[in-house]
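Here are a few exercises on side-chain contacts, each with a worked solution. Grab your viewer and follow along.

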Amino acid sequence: MALSADPDEDLVRRVGQGDPAAIQAMVARKLPRMLALAQRMLGDPVEAEDVAQEAMLRAWKQAPRWVPGKARFDTWLHRVGLNLCYDRLRRRREVPTETPPDRPDDGPAPDQGLLSAELGVRVDAALKRLPDRQHEAIVLCHYQELGNIEAASLMEVSVEALESLLSRGRRTLRATLADLGPAAGRGAERG
């Protein structure tokens, strides 16, 4: 499969050369997406910040050795972010706690209405109950807005397998959120 031109190629090259403006541009361009990915995967803003920062640090360290054409830089960076998230999720399972940690409300601001906040909480809870691979597929395609080909590559599955994961995940979300009505179920799929 031929890769399309990497829009980050020049930026990565300049970061690898130590260009401070390029480093700032990379952080400005990539950190919000890494933070969003980690927040959706982990559900913890503090851990999400740690993962996003670690992913950016690895990008900065990898930049001098980056070989254009093997993979798109954004795809590689998402893979790094996902791997860091899964490392943390594995550690969570290994350390049981007596009481769950307090978690700030990461739903919409109060001025957006209680219904929106409740919907956001319900969607997040439904997403977390999905099997890991379905959760990952929905986060990558709907929240990170990656195309099916790129998401499938990141997950190391065929496009058909990704579409199957998406379909099963959406079906489960629709069933879980059915009491919210058809419009809410469709909105929940897109995030």
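Predicted model: local features only at pLDDT ≥ 70, side-chain atom pairs only at ≥ 80, totals over all residues.

**Exercise 1.** Classify Asp 50 as buried or exposed, or something in between, and find its salt-bridge partner.

Step 1: Asp 50 has 36% relative accessibility, so it's partly exposed (buried is under 20% relative accessible area, exposed over 50%, partly exposed in between; 1.4 Å probe, protein chains only).

Step 2: its side chain meets that of Arg 88 in a salt bridge, 3.9 Å from N to O (the definition asks for a side-chain nitrogen of Lys or Arg within 4 Å of a carboxyl oxygen of Asp or Glu).

Step 3: Asp 50 sits in helix 3 and Arg 88 in helix 4, so the bridge ties together parts 38 residues apart in sequence (helices are DSSP runs of H or I, at least four residues, numbered from the N terminus).

Residues are numbered from 1 along each chain as its sequence is written, and side-chain values use heavy atoms, leaving out hydrogens and water.

**Exercise 2.** Which residue forms a salt bridge with Glu 47?

Step 1: Arg 88 does, with the closest N and O atoms 3.5 Å apart.

Step 2: check burial: Glu 47 is buried at 15% relative accessibility, and Arg 88 is buried at 19%.

**Exercise 3.** How many salt bridges does a search of the whole structure find?

Step 1: the search gives 15.

Step 2: one network links Asp 8, Arg 29, Lys 30, Arg 33 and Asp 74.

Terms used: Helix = DSSP H or I, 4+ residues; strand = E, 2+ residues; numbered from the N terminus.
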